[in-house]
Amino acid sequence: MEFIKLKDEKECSKFVAGEIIKLVKNNKKANLGLATGSTPIQTYKYLIEDFNQNKTNWKKIKTFNLDEYLGLPAGHKQSYKVFMSEMLFEGISIKPKNVFFPNTDQNYDKLIASEGGIDFQLLGIGTNGHIGFNEPGSELESLTRIVDLTEETINVNANKFFDGDTTEVPKQAISMGLKSILEAKKIVLLALGESKREVVSKLLDCKEFDINFPASALTLHDDVTIIYDEEASI
Ligand code: GLP
């Protein structure tokens, strides 16, 4: 794993957006694996800014989101579909038919493989080390499946996105598994802010897979970059 520490959210997001823009320009049919949460929001703003300024062509790009809540009504403001539309898709020239989310009716891993696999996987990280919604205890061999969210994740996401109301947060989600994530050709994990200090420090020390720290699965991939800011650094 390569670690790159940059000053702040702005610098980190510019860096990651720059990497995505380079890929989209060099490979007009690239497949991107995308993440939700608060972490990539600024990155997505830079992608939209670049689209407005440089008309980067997203028409043949396909995106595959990592996860989606289960049990929210379609069109719910906090569903990841709505989040992605508002934060990114409406601001660039991506085609709705090229945008994919996991759901219980399809085999997401097969679908991704049949589209040629993911060229670039963007990840955030939970305060308990989850990637996607692979909570501690997730198996290394896990594929896309229904998962139960931990109390910690429900609390964190309630405070960030559901006005602190834990009863509004779904208890389950569908998430790409650790094996699904490791299939990507290149992986970039972004960690921002003080709340990610502990997990960044754990990642820096990480040498092998530990089932209680799902992000440790990334030690098994040979093209992973961890971008983090000064606040996330000890
Ligand atoms: C969420 C998402 C993850 C995300 C992580 C961190 O619940 N399922 O994909 O990376 O938790 O979230 P945030 O970026 O808000 O800290």
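User: How far apart are the mean positions of the positive and negative charges of the protein?
Analyst: They are 9 Å apart. That is for 28 positive and 35 negative charges. Keep in mind that this is a predicted model.

User: Noted. How many helices and strands are there in the protein?
Analyst: There are seven helices and ten strands. The radius of gyration is 16 Å, close to the 17 Å that the globule rule gives for 234 residues, so the protein is as compact as a globular protein of that length.

User: What box do the C-alpha atoms fill?
Analyst: Roughly 40 × 40 × 35 Å, taken along the principal axes.

User: And what share of the residues counts as buried?
Analyst: 54% of the 234 residues. The accessible surface comes to about 10,900 Å². Carbon and sulfur atoms account for 48% of that surface.

User: What about contacts between residues at least 6 apart in sequence: what share joins residues at least 24 apart?
Analyst: 80% of them.

User: On to the sheet. What is the strand order, and is the pairing parallel or antiparallel?
Analyst: Seven strands form an open sheet in the order 1-10-9-6-2-3-5. The pairing is parallel.

User: Which are the edge strands?
Analyst: Strand 1 (2–6) and strand 5 (99–100). Each of them pairs on one side only.

User: Start at strand 1. Over how many bridges does strand 1 pair with strand 10?
Analyst: Five, in the parallel sense. Strand 10 covers residues 224–229. Glu 2 stands opposite Thr 225 in strand 10.

User: How many bridges does strand 9 make with strand 10, and how many with strand 6?
Analyst: Strand 9 and strand 10 pair over five bridges. Strand 6 (residues 120–123) and strand 9 pair over four. Both pairings are in the parallel sense.

User: What holds paired strands together in general?
Analyst: Strands of a sheet pair through backbone hydrogen bonds.

User: Where is Lys 55? Buried or exposed?
Analyst: Lys 55 is in the loop between helix 2 (41–54) and strand 3 (62–65). Its relative accessibility is 55%, so Lys 55 counts as exposed.

User: And what is the phi of Asp 163?
Analyst: Positive, at about 50°, although Asp 163 is not a glycine. Asp 163 sits in the loop between helix 5 (151–161) and strand 8 (172–175). Asp 163 is exposed, with a relative accessible area of 82%.

User: Last one, Thr 144. Where is it, and is it buried or exposed?
Analyst: Thr 144 is in the loop between strand 6 and strand 7 (145–148). At 19% relative accessibility, Thr 144 counts as buried, because the cut-off is under 20%.

User: Which residues is Thr 144 in contact with, leaving aside neighbours within four places in sequence?
Analyst: Pro 102, Tyr 108 and Asp 109, plus Ile 174, Ser 175, Met 176, Gly 177 and Ser 180.

Technical notes. Residues are numbered from 1 along each chain as its sequence is written. This is a predicted model: local features need pLDDT of at least 70, side-chain atom pairs count only at pLDDT 80 or more; totals for chains, interfaces and linings use all residues. Side-chain values use heavy atoms; hydrogens and water are left out. Helices (H or I, at least four residues) and strands (E, at least two) are DSSP runs, numbered from the N terminus. The radius of gyration is taken over C-alpha atoms; the globule rule is 2.2 Å times the number of residues to the power 0.38. Buried means under 20% relative accessible area, exposed over 50%, partly exposed in between (1.4 Å probe, protein chains only). Contact means heavy atoms within 4.5 Å. Accessible areas come from the Shrake-Rupley method with a 1.4 Å probe; for residues, only the protein chains shown count as cover. Lys and Arg count as positive and Asp and Glu as negative; His and the chain ends are not counted. The place of a charge is taken as NZ of Lys, CZ of Arg, CG of Asp or CD of Glu. Two strands pair if DSSP finds at least two bridges between them.
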